[in-house]
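The sequence and structure come first, and the notes follow by topic.

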Amino acid sequence: MSVLDLGHGRTLDLTHAVVMGVVNVTPDSFSDGGRFTDPASAVEQALRLVAEGAGIIDVGGESTRPGAQPVSAGDEIARVIPVIEALCAATTVPVSIDTSKPEVMRAAVAAGATIINDVRALRDPDALDTAAALGVAVCLMHMQGEPRTMQDNPEYIDVVTDVRDFLAGRMLAAEAAGIPRDRMLIDPGFGFGKTPEHNLELLRRLAALRILGRPILAGLSRKSFIGKLLGLPVDRRLHASVALALLAVQNGASVVRVHDVGPTVEALHMLDAVTIR
Ligand code: 7PJ
């Protein structure tokens with residue numbers, strides 16, 4: 001459970017929590033949209049995150065923020081591929097591609113990506129077969145609804161058991177398509193069709209997802225429920241984000257997806273120092 005198979009003979013050790021650093025090559029992501037749209041500055045940012053201790057770099061070319069405009073596969077490929085190629089030439093840190101589109105998955109893996117991070121959990125037509133054929137790792141994330149409308153009125157019977165059952169179903173579908181369990185990460189999808197109370201409940205009971213037997217990825221960094229709870233704009237959510245990453249790891253997460261890698265790595269080192277194994 002503490003090793004992720006990246007395929008093609010590569011693995012990622014998750015004995016200690018790993019920080020996944022986010023690099024959005026988009027004009028409109030809610031937290032850092034427009035900052036790294038040219039490939040050179042995106043690569044520079046990614047290498048800065050690696051120097052700060054990131055163990056995975058997540059590259060995305062389409063914003064999934066509520067209300068974001070859809071992007072064609074061609075545009076997404078044009079945004080992310082130069083970045084992934086340059087990054088994989090410059091570092092051995094695994095690169096993940098944040099996409100739901102099979103064409104983008106294929107191009108990204110050809111460019112060196114070893115993890116497919118899909119907020120739709122490979123539900124788009126052909127995504128399961130594509131990921132299976134590419135032979136790399138996948139992150140299966142829960143989302144209720146679609147990005148454009150997911151925050152309108154999210155409802156659950158019990159958010160933790162509903163998310164757990166969804167992820168169990170996606171793991172079965174992925175396995176049936178030929179993706180070995182060793183290659184799967186699971187993610188409750190904080191903020192994706194969830195009220196602030198749903199997010200808090202998921203974090204509180206995150207350990208319940210461990211029954212699924214796969215490492216948990218948690219993405220809480222700068223998310224809007226922090227803004228709702230604390231009344232803070234996106235550029236002032238660092239301290240809360242670090243606290244949430246720490247809580248996620250304490251409650252069972254093996255990977256935390258964050259924008260602010262250095263501060264998160266320092267906090268997790270302290271948690272590690274305190275933890276008796
Ligand atoms: C997540 C993600 C997340 C995974 C985004 C944002 C919105 N991928 N992509 N988990 N969030 N696996 O960065 O706030 O929570 S985009």
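A cavity here is a set of grid points where a 1.4 Å probe fits but cannot get out, and its volume is the space filled by probe spheres set on those points. The model is predicted. By this definition the structure holds one cavity of 30 Å³ or more, and about 40 Å³ of space lies in the largest cavity.

**Cavity**
- The lining of the largest cavity consists of A218, L220, S221, S241, L244, A245, V256, R257 and V258.
- Two elements, α8 and β10 (253-258), each give two or more residues to that lining.
- By residue class, the lining of the largest cavity divides into six nonpolar, two polar and one charged.

**S241, a lining residue**
- S241 sits in helix α8 and is one of the residues lining the largest cavity.
- Because its relative accessible area is 7%, under the 20% cut-off, S241 counts as buried.
- The S241 side chain makes two polar contacts with backbone atoms: the nitrogen of R222 lies at 2.8 Å, and the oxygen of R237 at 2.6 Å.
- Apart from neighbours within four places in sequence, S241 is in contact with S221, R222 and I226.

**Nonpolar cores**
- The largest nonpolar core has 70 residues, of which I57, V59, I84, I116 and L122 touch the most other members.
- A second, separate core has 13 residues, including L12, V18, C139 and L217.
- Not counting residues up to four places away in sequence, V59 touches V23, V25, V80, V83, I84, L87, V95, S96, I97 and D98.

**Helix α6**
- Helix α6 spans residues 196-204, and its buried residues are H198, N199, E201, L202 and L203.
- Among the elements covering these buried residues are α5 (159-177), α7 (224-230) and α8 (238-250).

**R181**
- R181 is located in the loop between α5 and β8 (184-187).
- R181 counts as partly exposed because its relative accessibility is 30%, between the cut-offs of 20% and 50%.
- Beyond neighbours within four places in sequence, R181 is in contact with M171, L172, E175, L212 and R214.
- R181 and D5 are 176 residues apart along the chain, and their C-alpha atoms are separated by 8.8 Å.

Technical notes: Residues are numbered from 1 along each chain as its sequence is written. This is a predicted model: local features need pLDDT of at least 70, side-chain atom pairs count only at pLDDT 80 or more; totals for chains, interfaces and linings use all residues. Side-chain values use heavy atoms; hydrogens and water are left out. Buried means under 20% relative accessible area, exposed over 50%, partly exposed in between (1.4 Å probe, protein chains only). Helices (H or I, at least four residues) and strands (E, at least two) are DSSP runs, numbered from the N terminus. Contact means heavy atoms within 4.5 Å. A nonpolar core is a set of buried Ala, Val, Leu, Ile, Met, Phe, Trp, Tyr and Cys residues joined through side-chain atoms within 4.5 Å. A polar contact is a pair of N or O atoms within 3.5 Å; within protein, one must be able to donate a hydrogen and the other to accept it, and residues adjacent in sequence count only if both atoms are side-chain atoms. On a 1 Å grid over the protein atoms alone, a cavity is a set of points where a 1.4 Å probe fits but cannot get out, and a pocket is an open set with protein on both sides within 12 Å along at least five of seven lines; lining residues have an atom within 4 Å of a point. Ala, Val, Leu, Ile, Met, Phe, Trp, Tyr, Cys and Pro count as nonpolar, Asp, Glu, Lys and Arg as charged, and the others, Gly among them, as polar.
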